[in-house]
Amino acid sequence: MSKFWSELAKSLEPYTPGEQPKDKKYIKLNTNENPYGPSSKVIEALKDGANDNLKLYPDPNGDELRKTIADYYGLKDEQVFLGNGSDEVLAFSFMAFFNPNEPILFPDITYSFYKVYSNIYNIPYEEVKLNKDFSVPINKLHHSKGGVILPNPNAPTGICLSLKSIEEILQFNKEKIVIIDEAYIDFGGNSAVGFIDQYPNLLVVQTLSKSRSLAGLRVGFALGHKDLISALNYVKNSINSYPLDRLALCGAVQAIKDEEYFQETKNKIIETREKVSQELKSMGFLVIPSLTNFIFMSHTKIHAKELLYSLRERGILVRHFNHARIDNHLRVTIGSEEEMNTFIRILREIV
Ligand code: PMP
C-alpha cells in the first residue's frame, strides 16, 4: 500500500454496510430492504433483457429510464441523472458540488456515508446536533458556507421534515447546493421534487432500493436543475461511462411504470409499520413516529445491545449503531406481516 493510502486508511473509517448473511435462516430486518419482491413486470423485463444484446454496452445516458422517471415526476429528461444506486449518486454529488474550502452541514445523527464521502473527498463539514427528541434543528442549517445535505426522512431516526422546513433550508441557502436524500420518502413523507423549478440550488436524490424492492439491481437517481444534472454528468463521464448495466436499465423502467404494484406494496409496509409500532409501545418500547420502512426504538429496561444479541440468537437480524447518543436504540426494518408477527412473538419472549 502506498504511504498515502496507509495514512488515509488509518485516519478514515469507511462505511460499514449491514450484514448480508449467506445463511437463509435469518429474518433480515437490518438493512431496510423491501420484504416484497420486485414487480412481476420487472422480472419479465429482466428475463427478456437477458439476451444476445448483453454483448453490447448499455446506453450511457439511460435515456429511456430518464424519460420514464421524468414523466413520472412531471420533469424534463434533462433534469434527471442516473447512478448505480443512490450511494453512487451521492458520491458524485459530493465531488460535483462541495469543495475543500467551505464546510458543508449535515445532521449528527444521520446517514453515516456523508461523513465518509466528506473525508475521502476532503470536504470539511460541521455536524448539526439533533434536538433532544431527535428532530433536526432547522435554524442551524441556515447559512451554510459550503452547502447542506440531509436525508428526509432522516436515517436512522425515521423522522420526516415538513415541506415548509425544507423550503426554509432552500431559502436560506440560495447560493449553495442543498441535497435532500429521499431514500425513504415513499413511505409517507412529502417529496421536495415540487420545489425543483423554483429552487435551482435543490438536488433531490432517490433510490429504487427501498419502495421499489430493487436493492439488488442498484439504481438511484437525482432530480434537479439541468445545470446540476450537467455537473453530475461531467463527474460521471470522468469516472464511468456506463454506471447502469442493460438489465438494471430495463428492469428499472418497469419498476417505475408498475404504479399499482408500487402502491400496493408500500401501503402494506406502512400498515404493518403502524401495527408493529402500536404493539411495541404496548410492550414498553419507546418508538419514534416513523415515515419510513423502519422503526427506531429503545426499551426502558433492556439495553439495545442485549436485545440485538438475543434477537440474533433467535434468528432475527436488526441494526445497532455505535454512536453514543443512540447506543441504546435499534433500527428495525419493516418486513412482511408474517415476519413482523414472528419478530413481535420472539421479542415478547425476551422482554
Ligand atoms: N440514503 C440513505 C439515507 C440510505 O439509508 C441508503 C441505504 N443505505 C442510501 C441512501 C443508499 O441506497 P442505495 O445505494 O441502495 O440506493
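This is a predicted model: local features need pLDDT of at least 70, side-chain atom pairs count only at pLDDT 80 or more; totals for chains, interfaces and linings use all residues.

Visitor: What kind of peptide bond joins Asn-152 and Pro-153, cis or trans?

Guide: That bond is cis, with omega about -5°. The loop between strand 5 and helix 6 also holds Pro-156, and the peptide bond from Ala-155 to Pro-156 is cis as well, with omega near 5°. For background, most peptide bonds are trans.

Visitor: OK, and which residues other than glycine have a positive phi?

Guide: Asn-122 is one of them, with phi near 65°. Asn-122 is in the loop between helix 5 (113-120) and strand 4 (125-129). Phe-134 is another, at about 75°, and Phe-134 lies in the loop between strand 4 and strand 5.

Visitor: Is Asn-122 buried or exposed? And what about Phe-134?

Guide: Asn-122 has 10 C-beta neighbours inside 10 Å, so Asn-122 counts as exposed. Phe-134 has 18 inside 10 Å and therefore counts as partly exposed.

Visitor: Switching topic: how is the protein divided into domains?

Guide: There's domain 1 (21-37 + 260-350) and domain 2 (40-257). Their centres, taken over C-alpha atoms, are separated by 25 Å.

Visitor: How many residues are in contact between the two?

Guide: On the domain 1 side 23 residues, and on the domain 2 side 18. Helix 9 (259-282) gives the largest share of domain 1's side, five residues. By class, that side of domain 1 has 11 nonpolar, eight polar and four charged residues.

Visitor: Helix 9 again, then. At what angle does helix 9 pack with helix 11?

Guide: About 10°, with the axes of helix 9 and helix 11 (residues 337-350) 11 Å apart. So helix 9 and helix 11 are roughly parallel to each other. Thr-272, Val-276 and Glu-279 of helix 9 make the contact with Glu-337, Met-340 and Ile-344 of helix 11. That gives three nonpolar, one polar and two charged residues.

Visitor: And how do helix 4 and helix 7 cross?

Guide: At roughly 105°, and the axes of helix 4 and helix 7 (residues 226-239) come within 9 Å. Helix 4 and helix 7 are therefore roughly perpendicular. Phe-92, Ser-93, Met-95, Ala-96 and Phe-97 from helix 4 meet Ala-231, Leu-232, Val-235 and Lys-236 from helix 7. Seven of the residues in this contact are nonpolar, one is polar and one is charged.

Visitor: How many residues are in the largest nonpolar core?

Guide: That core has 93 residues, and Val-148, Val-204, Ala-222 and Ala-252 have the most contacts inside it. Helix 4 (residues 86-97) supplies the largest share, eight residues. The core also takes at least three residues from each of domain 1 and domain 2.

Visitor: What is Val-204 in contact with?

Guide: Setting aside neighbours within four places in sequence, the contacts of Val-204 include Ile-180, Val-193, Ile-196, Ala-222 and Leu-223.

Visitor: Last one: is Thr-207 buried or exposed?

Guide: Thr-207, found in strand 7 (residues 202-207), counts as buried because 25 C-beta neighbours lie inside 10 Å. Not counting residues up to four places away in sequence, Thr-207 touches Gly-85, Ser-86, Ala-183 and Gly-220. The C-alpha atoms of Thr-207 and Val-219 are separated by 6.2 Å, though 12 residues apart along the chain.

Methods: Residues are numbered from 1 along each chain as its sequence is written. A nonpolar core is a set of buried Ala, Val, Leu, Ile, Met, Phe, Trp, Tyr and Cys residues joined through C-beta atoms within 7 Å. A residue is buried if 20 or more other C-beta atoms lie within 10 Å of its own, exposed if 12 or fewer, and partly exposed in between; C-beta atoms are placed from the backbone. Helices (H or I, at least four residues) and strands (E, at least two) are DSSP runs, numbered from the N terminus. Domain bounds come from an automatic or database domain assignment. Two residues are in contact if their C-beta atoms, placed from the backbone, lie within 7 Å. Axes are lines fitted to C-alpha atoms, for helices over the stretch in contact, and angles run from 0 to 180 degrees between N-to-C directions. Angles under 35 degrees count as roughly parallel, over 145 as roughly antiparallel, 65 to 115 as roughly perpendicular and the rest as oblique. Ala, Val, Leu, Ile, Met, Phe, Trp, Tyr, Cys and Pro count as nonpolar, Asp, Glu, Lys and Arg as charged, and the others, Gly among them, as polar.
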